[in-house]
Every structure is written in C-alpha cells, then in structure tokens.
Amino acid sequence: MAVCCLLTALAARAVDENRRSFDSPASDAVAAFQRFATQSGRQLLYSGEAVAEVRTAAVRGDYTPREALDRLVAHTGLIVVEDAQTGALAIT
C-alpha cells in the first residue's frame, strides 16, 4: 500500500513540475505563439500565413504547456498537434 501511495505522489509531482505560469492576453496569434514559446520554454511550429488573421484567447494561470496552448487556441479553428514520440507541438 505504501508503495502505491508513493508512486501516486511521485506521478502527481512530475505533473506539477511540468506546469508553468502563463500570462498571455488575448492577441493576434503570432504574438501569442511567440509569448507561449518564451513562457513555456518549448518550440512551436506553425505557418505565419495560416494564423495571420487569428486572435487567440487570454491564458493566465499555471498549466502544462499543452494545456496552455489548448486554451490559447480555443474557439479559433486552430488545432494543436503533439508528436507522440518527440513531444513537439504544432498548430494546424
């Protein structure tokens, strides 16, 4: 029983360690994605032409990079794609 609780606590801690603080106002997508890359420490692939006219939602709080990005593009028609092997994030 103690081993199970320890493993659960370690898994929860690992998830918390992946969380970062995000503070991104609603803005044009290019600026928002640049801010996301800076705040998350992750690279993001996207076509500037495809997101040129898009405005993103505001994101404030502690999230994993994927959670923050999903919130950023909510209701925009953009889709977040994560490569299962590399963890690379892309917007389509």
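**Strand pairing, helix packing and confidence in the predicted model**

Strands S4 and S5, the latter spanning residues 89-91, pair in the antiparallel sense over three bridges, where two strands are taken to pair if DSSP finds at least two bridges between them. Within this pairing, Val-80 stands opposite Ile-91 of S5. The structure is a predicted model, in which local features need pLDDT of at least 70 and side-chain atom pairs count only at pLDDT 80 or more, whereas totals for chains, interfaces and linings use all residues. Residues are numbered from 1 along each chain as its sequence is written, and side-chain values use heavy atoms, with hydrogens and water left out.

The protein chain contains four helices and five strands, these elements being DSSP runs numbered from the N terminus (helices, H or I, of at least four residues; strands, E, of at least two). Along the sequence, the elements follow the pattern α-β-α-β-α-β-α-β-β. Three of the strands form an open sheet of mixed pairing, in the order S2-S5-S4. Strand S2 (44-45) and strand S4 (80-82) stand at the edges with a single partner strand each, so one side of each is left without a neighbour in the sheet. Helix H4, residues 65-72, lies across S2, S4 and S5 and runs at about 160° to S4; axes are lines fitted to C-alpha atoms, for helices over the stretch in contact, and angles run from 0 to 180 degrees between N-to-C directions.

Of the 92 residues of the protein chain, 28% count as buried, with buried meaning under 20% relative accessible area, exposed over 50% and partly exposed in between (1.4 Å probe, protein chains only). Among contacts (heavy atoms within 4.5 Å) between residues at least 6 apart in sequence, 54% join residues at least 24 apart.

A search of the whole structure finds two aromatic pairs. In one of them, the ring centres of Phe-22 and Phe-36 are 5.9 Å apart and the planes lie at 10°, so the pair is stacked; rings of Phe, Tyr and Trp (its six-membered ring) pair if their centres lie within 6.5 Å, and planes under 30 degrees apart count as stacked, over 60 as edge-to-face and the rest as tilted. The pair links distant parts of the chain, with Phe-22 in strand S1 (residues 20-24) and Phe-36 in helix H2 (residues 29-40), 14 residues apart. Both Phe-22 and Phe-36 are buried. Ser-40, also in helix H2, is buried at 2% relative accessibility and, not counting residues up to four places away in sequence, touches Arg-20, Phe-22 and Pro-65.

Two loop residues were also examined. Asp-83, in the loop between S4 and S5, is partly exposed with a relative accessible area of 36%, and a polar atom of the Asp-83 side chain lies 2.9 Å from the backbone nitrogen of Gln-85. His-75, in the loop between H4 and S4, is exposed at 86% relative accessible area and has a positive phi near 65°.

The protein chain averages a pLDDT (the predictor's confidence in each residue, from 0 to 100) of 86, and 82% of the residues score at least 70. Where pLDDT is low, the predicted coordinates should not be read in detail.

Notes: A polar contact is a pair of N or O atoms within 3.5 Å; within protein, one must be able to donate a hydrogen and the other to accept it, and residues adjacent in sequence count only if both atoms are side-chain atoms.
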